[in-house]
Amino acid sequence: LLDLLPPEADPLRSAGVRLRLGTRWQSTPHLDPLENRTAVRPTTLPLAGGALYPLGSLHAFATGGGMVAQLGLRHDVYYNDHPLGLDIANRLMLRSEDAYIGWASEDTEIYLGRLSRHWAPLNDQSVLLSHHPPPFDHLSLQSKLGDFKLHFLLGELDSSVSGAFTGRAGDDTLSVIPDRRFLVAHRFDWRPTPRFILSAQESVIFSGPTATPSPLWLNPMHAWGFEVDQTPKNDEVNGQLAGSLWFMMGRLTAFGQITVDDIDLSGSADGSFEAPSIAFSGSMTYAHPSRQAWLSTSSLHVVTATRRTYNTHQAEGKYLFAQRGIGLERADLVHLRMTHEWAKPSISLRTEAHLRWQGEATLLDPFPENESGRSILSGTIERSSALLLFASHTPNRNLAAQAHLGIVHTQNLNHEASQNTRRIAAGLSLMIRLHHPSR
């Protein structure tokens with residue numbers, strides 16, 4: 001739903017209004033067909049054994065002289081019904097989103113606003129900074145110098161009081177001084193050819209009652225991994241080191257990204273080692289020769305994370321915004337996804353096969369100080385397998401429809417031994433777009 005520069009507008013000077021209206025119906029209380037956890041709040045609009053999620057967005061934009069500004073509002077019933085996260089839209093289920101002001105030249109971009117950021121290819125999971133949480137307010141910078149490109153982001157997250165996030169307006173959690181939480185991240189891309197990108201990445205959540213964007217965090221050239229526990233230490237911190245590789249070779253495209261929170265290389269006096277905190281996302285995609293105007297691709301995606309990834313001793317350091325993962329939405333899992341897609345300019349068909357093993361640990365769990373047992377796939381493992389068919393049709397730029405249908409089989413549902421289920425997963429979405437550009 002984000003167009004920084006609308007395609008019908010003159011990029012040098014333009015203004016206009018864009019309205020999107022639509023609805024989604026899901027047979028489950030989560031937009032992810034594999035999600036088994038039940039909603040913590042009653043469904044707002046139950047329909048035909050599932051849930052209806054109307055949505056709409058309004059954008060008013062203006063561009064000129066390298067500047068761009070946009071006012072954005074989004075209404076989405078799913079904000080109220082999301083089974084994992086906090087309800088972030090209190091008044092009429094409306095939230096200011098995709099609202100920003102920015103400036104761009106040939107080699108540099110600076111934006112201040114509330115946007116979604118995803119540091120991975122669109123069809124891959126990002127283990128460091130992803131589109132899973134709602135967009136949060138941040139300042140971003142991109143600057144290119146030859147084959148190198150710098151990405152920098154400084155964002156404000158929700159505050160925390162005694163490990164509880166502040167939640168909705170009016171809650172009494174703000175009657176005491178909360179721990180303010182900020183996220184800072186940078187990425188250095190090396191792209192010597194159009195078919196190869198090597199990237200070094202880092203992020204830190206810094207927090208505390210007096211936490212503020214100080215020069216330490218405003219400097220994108222700091223190696224924060226060597227600074228987070230140095231003297232003087234003014235904030236609580238939880239850092240992640242990451243790297244990624246993307247390349248194309250003939251018809252094959254590959255991507256891999258890994259993030260490391262903590263690896264114990266020396267061990268303790270008794271010879272034991274602290275369990276690692278690692279997450280990985282990777283994919284391989286093969287583009288088949290086109291036949292009769294159809295483009296066809298096959299891909300394999302892998303996502304895995306240990307049980308302690310994104311967690312820390314201080315609850316305010318968890319990699320969460322509105323109780324949703326800033327990187328992956330879950331830890332303690334192994335997920336394989338195989339897809340095959342046929343596409344034309346206005347039509348696409350995609351089959352998906354999923355195998356997912358999910359341990360009992362969640363991102364909201366307290367940090368396991370004295371961990372025992374497996375560092376990944378802990379406790380009773382929930383096993384899910386699914387076969388899904390997705391179809392989408394976009395007859396023109398102002399109308400889009402998508403549907404999916406499949407079957408999901410789960411063993412040890414909600415980590416209860418021998419609780420096995422088989423269910424139909426179905427969904428339908430419709431979207432229309434109205435716009436009025438002017439110059």
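**Exercise 1.** In which loop is Leu 377 found? State whether Leu 377 is buried or exposed.

*Solution.* This is a predicted model, in which local features need pLDDT of at least 70, side-chain atom pairs count only at pLDDT 80 or more, and totals for chains, interfaces and linings use all residues. Residues are numbered from 1 along each chain as its sequence is written, and side-chain values use heavy atoms, with hydrogens and water left out.

Step 1: Leu 377 is found in the loop between strand 21 (347-358) and strand 22 (382-396). Helices (H or I, at least four residues) and strands (E, at least two) are DSSP runs, numbered from the N terminus.

Step 2: the relative accessible area of Leu 377 is 16%, so the residue is buried (buried means under 20%, exposed over 50%, partly exposed in between, with a 1.4 Å probe and protein chains only).

Step 3: Leu 377 is not a glycine, yet its phi is positive, about 60°. Most residues other than glycine have a negative phi.

**Exercise 2.** Find the place of Gln 323 and give its phi and its relative accessibility.

*Solution.* Step 1: the loop between strand 18 (320-321) and strand 19 (324-325) holds Gln 323.

Step 2: although Gln 323 is not a glycine, it has a positive phi of about 65°.

Step 3: Gln 323 counts as partly exposed because its relative accessibility is 26%.

**Exercise 3.** Trace the pairing of strand 17 with strand 16 and strand 20.

*Solution.* Step 1: strand 16 (residues 277-291) pairs with strand 17 (residues 294-305) in the antiparallel sense over 11 bridges. Two strands pair if DSSP finds at least two bridges between them.

Step 2: strands 16 and 17 form a hairpin with 2 residues between them, and Gln 292 in the turn has a positive phi of about 50°.

Step 3: strand 17 is also joined by 11 bridges to strand 20 (residues 333-343), and these two run antiparallel.

Step 4: Val 302 of strand 17 is the bridge partner of Gly 282, and Val 302 also stands opposite Leu 336 in strand 20.

**Exercise 4.** How many cavities of 30 Å³ or more does the structure hold? Give the volume and lining of the largest cavity.

*Solution.* Step 1: there is 1 such cavity. On a 1 Å grid over the protein atoms alone, a cavity is a set of points where a 1.4 Å probe fits but cannot get out; lining residues have an atom within 4 Å of a point.

Step 2: the largest cavity has about 50 Å³ of space, where a volume is the space filled by probe spheres set on the points.

Step 3: its lining includes Leu 115, Arg 117, Pro 133, Pro 134, Pro 135 and Phe 136.

How values were computed: 1 Å grid on protein atoms, 1.4 Å probe; cavity = no way out; pocket = protein on both sides within 12 Å on 5 of 7 lines; lining within 4 Å.
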